[in-house]
Amino acid sequence: MMRARIIGVGAYAPKRIVTNADLEKMVDTSDAWIFQRSGIRERRVADESEATSDLAVKAAQQALERAGLVPDDIDFIVVGTTTADMQFPSTANFVQHKLGCRRIGSVDVWAACTASIYSLAVGSQFVQTGKYRRVLCIGAETLSRITDWTDRGTCVLLADAAGAAVLEASEGESGVIDADLYSDARHWELLYMPGGGSRNPASHETVTAGMHYAKMKGNELFKVAVRMFGECAGAILERHGLGVRDVDLFIPHQANLRIIEAAAKRLGMPMDRVFVNIDRYGNTGAASIYVALEEAASTGRLKRGDLVLLAAFGGGVTWGAALLRW
Ligand code: ACO
């Protein structure tokens, strides 16, 4: 079977930086509280003119350029997102058009923050089966658009960004080795956005009640996240006869530094092999792992042949892990 090799990565973060000091002026919080509880110092927020697909296109263009490809070379597009431009068409559909691709298939994957792993898994399956030669996988979010900026429990965490990876069929060792995906909607009330869907269609009432904002039980989610993260990361390694010692770099979803540290501890992974950039970007949902992957690659933290472990969790709840050979 073919392996889906990552031949180019790209990332884009909006220009506007919102620091913890800026948030101190908006809600009852402090830089010290935010940093101690989450590890975040600043985050990016999209300009009013920027929708999720605009961020996605910029990340994709960089990934294509680095892969030495043009949009015509892409056979399929998968976008992981929780903050689509519209209910429909899909964000991937807009990306296909704005990039100037052929009339190829494109689809959004909804799995909250785990849509990073889900989108990579979907894209790599198409490559592995031989259906498509090159697939563009993207994680993109404008979480600021579903953030209640008066709710200190969420507004200090959520942020905007996009990341992209070009997958190409390869017979070599490099590429996505495996991906495990999980969900359990018993916990759906830990993180969700109630308004705007078929359960609560948008109306004056839903807007007045703030149902178009993300709702989160942060403390409970924290405990579930640490457990799921550690378990799925350990399970995928074990199934492949690998251990933590074999992993060159662990790239977790950047939700909260304390969650990352607790999950790494549970796994027995030393923090010097864990990639962290949440201090500068906050929680960018489905984008976070792609953005981290791009930074790890462009700063030389990743070397050819490295074994990379990815793991994410998010609303739903959803969680998952992937293994790749760089
Ligand atoms: N500034 C100051 N105080 C605050 C803030 C804030 N921004 N937010 C909450 N507090 C207060 C609370 O009101 C509470 O006060 P009380 O004790 O008087 O009631 C106190 O701080 C402690 O609140 P906790 O919720 O227990 O704080 P915790 O240590 O759990 O940290 C946090 C909160 C950062 C939200 C943490 O629970 C967390 O990160 N959870 C996971 C969230 C997450 O990862 N979500 C995204 C996952 S999926 C995705 O990525 C989209």
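1. In this note, a residue is called buried when its relative accessible area is under 20%, exposed when that area is over 50%, and partly exposed in between, with a 1.4 Å probe and protein chains only. By this definition A112 is buried, because its relative accessibility is 18%. The structure is a predicted model, in which local features need pLDDT of at least 70 and side-chain atom pairs count only at pLDDT 80 or more, whereas totals for chains, interfaces and linings use all residues. Residues are numbered from 1 along each chain as its sequence is written, and side-chain values use heavy atoms, with hydrogens and water left out.

2. Domains. The chain is assigned domain 1 (3-172) and domain 2 (177-325); such bounds come from an automatic or database domain assignment. Taken over C-alpha atoms, the centres of domain 1 and domain 2 are 14 Å apart. Domain 1 brings 52 residues to the contact and domain 2 brings 48 residues, where contact means heavy atoms within 4.5 Å.

3. Buried area. Between them, domain 1 and domain 2 bury about 3600 Å², and 66% of this is on carbon and sulfur atoms. Buried area is the accessible area (1.4 Å probe) that two parts lose on being put together, summed over both. The residues of domain 1 that lose the most area to domain 2 are C113, I117 and Y118, together 16% of what that side buries.

4. Polar contacts and the side of domain 1. Across the interface of domain 1 and domain 2 there are 19 residue pairs in polar contact, both residues being at pLDDT 80 or more. A polar contact is a pair of N or O atoms within 3.5 Å; within protein, one must be able to donate a hydrogen and the other to accept it, and residues adjacent in sequence count only if both atoms are side-chain atoms. Elements that each supply at least two residues of the side of domain 1 touching domain 2 include strand 1 (3-12), helix 3 (52-67) and helix 5 (115-128). Helix 5 gives the largest share of that side, seven residues. Helices (H or I, at least four residues) and strands (E, at least two) are DSSP runs, numbered from the N terminus.

5. The salt bridge between the domains. A salt bridge is a side-chain nitrogen of Lys or Arg within 4 Å of a carboxyl oxygen of Asp or Glu. Between domain 1 and domain 2 the count is one salt bridge. R66 and E294 form a salt bridge through their side chains, at 2.6 Å from N to O. R66 belongs to helix 3 and E294 to helix 11 (residues 288-298), so that the pair links distant parts of the chain, 228 residues apart. R66 is partly exposed, at a relative accessible area of 41%, whereas E294 is buried, at 10% relative accessibility.

6. Other salt bridges. By this rule the count comes to 13 salt bridges. In one of these, the closest N and O atoms of D75 and R102 are 2.9 Å apart. This pair ties together parts that are 27 residues apart in sequence, because D75 lies in the loop between helix 3 and strand 4 and R102 in the loop between helix 4 and strand 5. D75 is buried, with a relative accessible area of 18%, and R102 is partly exposed at 36% relative accessibility.

7. Residue T81. This residue is in the loop between strand 4 and helix 4 and is buried, with a relative accessible area of 0%. Although T81 and A286 are 205 residues apart along the chain, their C-alpha atoms are separated by 5.6 Å. The T81 side chain reaches the backbone oxygen of A140 at 2.7 Å and makes a polar contact with the side chain of E141 at 3.3 Å.

8. Backbone points to check. Most residues other than glycine have a negative phi, and most peptide bonds are trans. A112, in the loop between strand 5 (105-109) and helix 5, has a positive phi near 50°. F88 and P89 are joined by a cis peptide bond, with omega about 0°; P89 lies in the loop between strand 4 (76-80) and helix 4 (91-99). The peptide bond from G316 to V317 is also cis, with omega near -10°, and V317 is in the loop between strand 12 (307-314) and strand 13 (318-325).
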